[in-house]
Amino acid sequence: MPFRPDATLPGALVTEDPNPPPKLIIMGGPGCGKGTLCKKIVDKMGVTHISVGDILRQHVEDGSDLGMQVREYLQVGRLIPDELAIDIVFDHLNRPEVQQTGWLLDNFPRTQDQVDAMMELQVIPDKFIFIDLPESTLLERCKGRLFDPVTENIYHETLYPPPDDEAVQARLVRREDDTNEEALTRRLDLYHENIEGVLDYLEDLKREFDGELPPDELFRQIH
């Protein structure tokens, strides 16, 4: 049975898990289809999905102190401070249940400081999934995106319409930062400004996929 050094006790060895929990990162521009893919990956693999954006949007919806602090960042398409994003992610990574299930980091790291924090704490993924789409397509997808808060399914007005069900239709919502074109453009600009440094860090693990593929086919290729 393989052993590895125990980081908490110098000179000691602990049993190495022959089937360690998955450690995944998925990245792509806003509207590339990550939300749908993450749901499929979580359902299939049982990993914990960690999305800073989702966590913060929930705080905004709940009206918490943190939500009040970050609401303006989300509304205008600005990145939240690196320190806050790093604290949120590592708080979740250190939870016992996450260490048992494994994790799926959604668009983290997004900046060089976040990359540096991962390197310092030796957070190394097994796989890096990168979804590629041209900017014009990303914009179109964001503008037509619809979200079902009950099932957490994501739809699009024309590309992937919701079911013809009055109950579903009535509860569909749009993300606040999808309805502001100026904020959308800023989000894309920030994404392009920061992505190259992140890709350099994860280049050896990167598997690139065509975001134009239908969701089921894209998931089949990823999995």
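Guide: A salt bridge here is a side-chain nitrogen of Lys or Arg within 4 Å of a carboxyl oxygen of Asp or Glu. By that rule, the structure holds 13 salt bridges. Please keep in mind that this is a predicted model, in which local features need pLDDT of at least 70 and side-chain atom pairs count only at pLDDT 80 or more, while totals for chains, interfaces and linings use all residues. Residues are numbered from 1 along each chain as its sequence is written, and side-chain values use heavy atoms, with hydrogens and water left out.

Let us begin with Asp-216 and Lys-40, whose side chains meet in a salt bridge at 2.7 Å, N to O. Helices (H or I, at least four residues) and strands (E, at least two) are DSSP runs, numbered from the N terminus. With a relative accessible area of 54%, Asp-216 is exposed, whereas Lys-40 is partly exposed at 25%.

Next comes Glu-181, whose side chain forms a salt bridge with that of Lys-143 at 3.3 Å, N to O. Here too distant parts of the chain are linked: Glu-181 belongs to helix 9 and Lys-143 to helix 7 (residues 135-143), 38 residues apart. Glu-181 has 49% relative accessibility, so it counts as partly exposed. Lys-143 has 40%, so it also counts as partly exposed.

Lys-143 leads us on to Arg-174, because the side chain of Arg-174 reaches the backbone oxygen of Lys-143 at 2.9 Å, a polar contact (a pair of N or O atoms within 3.5 Å; within protein, one must be able to donate a hydrogen and the other to accept it, and residues adjacent in sequence count only if both atoms are side-chain atoms). Arg-174 is found in the loop between helix 8 (166-171) and helix 9 (181-202). Its relative accessibility is 36%, so Arg-174 counts as partly exposed. Not counting residues up to four places away in sequence, Arg-174 touches Lys-143, Gly-144, Arg-145, Leu-146, Glu-157 and Thr-179, where contact means heavy atoms within 4.5 Å.

One of those neighbours, Arg-145, has a salt bridge of its own: its side chain meets that of Asp-178 at 2.8 Å, N to O. Arg-145 lies in strand 7 (residues 145-147) and Asp-178 in the loop between helix 8 and helix 9, so the pair ties together parts that are 33 residues apart in sequence. Arg-145 is buried, with a relative accessible area of 14%, and Asp-178 is buried at 5%.

Asp-106 is buried yet has no salt bridge, and the nearest side chain of opposite charge, Lys-34, is 4.1 Å away. For charge, Lys and Arg count as positive and Asp and Glu as negative, while His and the chain ends are not counted. What Asp-106 does have is a polar contact of 3.0 Å with the side chain of His-49. Among the residues that Asp-106 touches, apart from those up to four places away in sequence, are Ile-26, Cys-38 and Ser-51.

The surroundings of Asp-106 complete the picture. Asp-106 lies in strand 5, and both faces of this strand (residues 103-106) are covered: Trp-103 and Leu-105 on one side, and Leu-104 and Asp-106 on the other, are all buried. Strand 3 (residues 23-28) runs parallel to strand 5 and is joined to it by four bridges; two strands pair if DSSP finds at least two bridges between them. Strand 4 (residues 48-51) also pairs with strand 5 in the parallel sense, over four bridges. Leu-104 in strand 5 stands opposite Leu-24, and His-49, the polar partner of Asp-106, stands opposite Leu-104 too.

Notes
Buried < 20%, exposed > 50% of the residue type's maximum accessible area, 1.4 Å probe, protein only.
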